[in-house]
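Work through these two exercises with the structure open. Each task comes with a worked solution.

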Amino acid sequence: MVTFVRINTHDMALIEYKNVEVRRKEHLVLENVTFSIDSGELVYLVGRVGSGKSSLLKTMYAEVPIESGEANVLGYDLNTIRRRDIPFLRRRLGIVFQDFQLLTDRNVQANLEFVLAATGMKNAAERSERIEQVLHRVGMNQKSYKMPHELSGGEQQRIVIARALLNNPEVILADEPTGNLDPETGEQIFSLLTEISMRGTSVVLATHNHAMIDRYPGRVFISENRRLSELP
């Protein structure tokens with residue numbers, strides 16, 4: 001396994017929850033959730049399907065509201081965040097979905113161009129340079145002309161990670177990023193996300209893949225019985 005050197009950027013917690021309650025409609029998903037995540041940490045969320053892992057991730061980018069308690073992500077109070085500020089929070093996060101969510105009617109370059117244009121990068125040369133940087137970082141710099149359907153599942157997930165890196169996020173939130181991939185490809189994705197965390201970007205990863213957690217160790221939180229607890 002490749003050995004990475006961790007870069008510490010600062011000591012302030014990027015994500016901090018205190019006694020948080022999470023509900024979906026009338027259903028209590030999690031209660032008394034308390035934890036903090038610092039810069040450059042690799043954090044796993046494990047637990048059975050329906051135990052609240054995805055809901056917890058969604059609270060971090062303000063898709064699911066906080067019912068009670070205190071929750072702060074990158075300086076934004078999730079209890080009081082204004083709707084117009086949510087896009088600014090999300091620009092500082094990278095979000096990686098299990099089902100990729102690439103735009104199927106355009107190639108890789110155009111998919112990434114769309115994100116940069118939407119987030120305010122107006123200079124075309126700067127957009128092209130940034131796209132080249134992130135594709136190189138995920139080992140996909142020769143695939144910018146490909147359509148999503150021309151890529152394997154692992155290649156599509158690498159593009160999704162590249163997309164998540166476009167705005168130099170301080171945190172990447174990944175929801176079962178290897179769920180649709182074969183074991184070998186899944187390990188490559190785990191290795192890539194581990195490298196990203198070692199370079200200073202925090203990674204919060206919901207997964208069922210305990211073998212990869214053993215191979216790429218980080219902090220592990222288990223969601224069960226409506227509680228979130230950190231494993232020793």
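Two rings of Phe, Tyr or Trp pair if their centres lie within 6.5 Å. The model used here is predicted.

**Exercise 1. Aromatic rings**

Task: Find which residues the ring pairs link into a cluster, and classify the pair of Phe35 and Phe221.

Solution: 
- Step 1. Search the whole structure; three aromatic pairs turn up.
- Step 2. Check the centres of Phe35 and Phe221: they are 5.8 Å apart.
- Step 3. Check the planes. Planes under 30 degrees apart count as stacked, over 60 as edge-to-face and the rest as tilted. The planes of Phe35 and Phe221 stand at 55°, so this pair is tilted.
- Step 4. Phe35 sits in strand E2 (residues 27-37) and Phe221 in strand E9 (residues 219-224). The two are 186 residues apart, and the pair links distant parts of the chain.
- Step 5. Buried means under 20% relative accessible area. Phe35 has 7%, so Phe35 is buried. Phe221 has 4%, so Phe221 is buried.
- Step 6. Name the cluster: ring pairs join Tyr17, Phe35 and Phe221.

**Exercise 2. The largest pocket**

Task: Describe the lining of the largest pocket, by element and by class.

Solution: 
- Step 1. Start with volume: about 570 Å³ for the largest pocket.
- Step 2. Turn to the lining, which has 18 residues. Closest to the pocket centre are Arg90, Ile95, Phe97, Val115 and Arg163.
- Step 3. List the elements that give two or more residues: helix H2 (86-91), strand E6 (93-96), helix H3 (108-118) and helix H5 (153-165). H3 gives the largest share, four residues.
- Step 4. Sort the lining by class: nine nonpolar, five polar and four charged residues.

Note on methods:
Residues numbered from 1 in each chain as written. Predicted model: local features only at pLDDT ≥ 70, side-chain atom pairs only at ≥ 80, totals over all residues. Heavy atoms only, no water. Phe/Tyr/Trp six-rings, centres within 6.5 Å; stacked < 30°, edge-to-face > 60°. Buried < 20%, exposed > 50% of the residue type's maximum accessible area, 1.4 Å probe, protein only. 1 Å grid on protein atoms, 1.4 Å probe; cavity = no way out; pocket = protein on both sides within 12 Å on 5 of 7 lines; lining within 4 Å. Points joined across faces, edges and corners; volume = space filled by probe spheres on them. Nonpolar A, V, L, I, M, F, W, Y, C, P; charged D, E, K, R; others polar.
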